[in-house]
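Let's take a friendly walk through a protein chain together. Have a look at the overall fold before reading on.

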Amino acid sequence: MNSNTANPTTFVDEIAALVNPALAVPPLAPIPDGEPAMTARFKVMLEQLRNGTLDPAGFAYIPSWFFPEAVPYYQDLLQDLGPAGPLVLAKREVLGDDRVYTYLVKFGAATWRYTVSIIPDGRVTSLSLAKN
C-alpha cells in the first residue's frame, strides 16, 4: 500500500466484500448523461492530458506535484494506451461544492475509469484515470 499507484479504498472495499458480501460495492454501469457539454469538455481534457497541453489556469486546489509529476505520468500512459473510446457516464455525485463525474472509457479491449471533479466556477479540482 506504500506504492504511489496504490488505491487503499479499492483494497478496503474488496476485503469488506469478502467478509460480508452485502458490503460489496456494485460495479459501475452506464447512466443517462444529462450534461453532454461537460462530457465533451472532459473528452477534450483527456486529449490535452495525452498531449501535455492542459492549462493550469483551469485547475483549482491541485497539489503542487500534479503538473510536474502526474501530468507526465498520465501523458505517457495515454500514449501507450492508444485512442480513447467514447466517454460513458457511470456516476455523478456532489461532494461539498464539487461535482464529481466518473466515466467508463475503453482503450482497446480494456475499460478504464476517468474521474473529474469541478467546483462551481468550472475549475477542475481533481482528475484521475485508473483501470476499472
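This is a predicted model: local features need pLDDT of at least 70, side-chain atom pairs count only at pLDDT 80 or more; totals for chains, interfaces and linings use all residues.

Residues are numbered from 1 along each chain as its sequence is written, and side-chain values use heavy atoms, leaving out hydrogens and water.

**The whole chain**

Three helices and four strands make up the secondary structure; helices (H or I, at least four residues) and strands (E, at least two) are DSSP runs, numbered from the N terminus. Starting at the N terminus, the order is α-α-α-β-β-β-β. The radius of gyration is 15 Å, close to the 14 Å that the globule rule gives for 132 residues, so the chain is as compact as a globular protein of that length. Here the radius is taken over C-alpha atoms, and the rule is 2.2 Å times the number of residues to the power 0.38. Buried residues make up 32% of the chain, where buried means under 20% relative accessible area with a 1.4 Å probe, protein chains only.

**Strands side by side**

Two strands pair if DSSP finds at least two bridges between them. The table shows two such pairs.

| Strands | Sense | Bridges | Residues between strands | Glycine with positive phi |
|---|---|---|---|---|
| β2 and β3 | antiparallel | nine | two | G108, about 65 degrees |
| β3 and β4 | antiparallel | seven | five | G122, near 95 degrees |

Which residue of β3 is the bridge partner of V105? The partner is W112. Further along, T115 stands opposite S128 in β4.

**The core**

A nonpolar core is a set of buried Ala, Val, Leu, Ile, Met, Phe, Trp, Tyr and Cys residues joined through side-chain atoms within 4.5 Å. The largest one has 27 residues, and those touching the most other members include F42, V105 and Y114. Among the elements that give two or more residues to this core are α2 (36–51) and β3 (110–118). The largest share, six residues, comes from α3.

**Aromatic rings**

Rings of Phe, Tyr and Trp (its six-membered ring) pair if their centres lie within 6.5 Å; planes under 30 degrees apart count as stacked, over 60 as edge-to-face and the rest as tilted. This rule gives nine aromatic pairs. One of them, Y103 with Y114, is tilted, at 6.4 Å centre to centre and 35 degrees between the planes. Because Y103 lies in strand β2 and Y114 in strand β3, the pair ties together parts that are eleven residues apart in sequence.

How values were computed. Buried means under 20% relative accessible area, exposed over 50%, partly exposed in between (1.4 Å probe, protein chains only).
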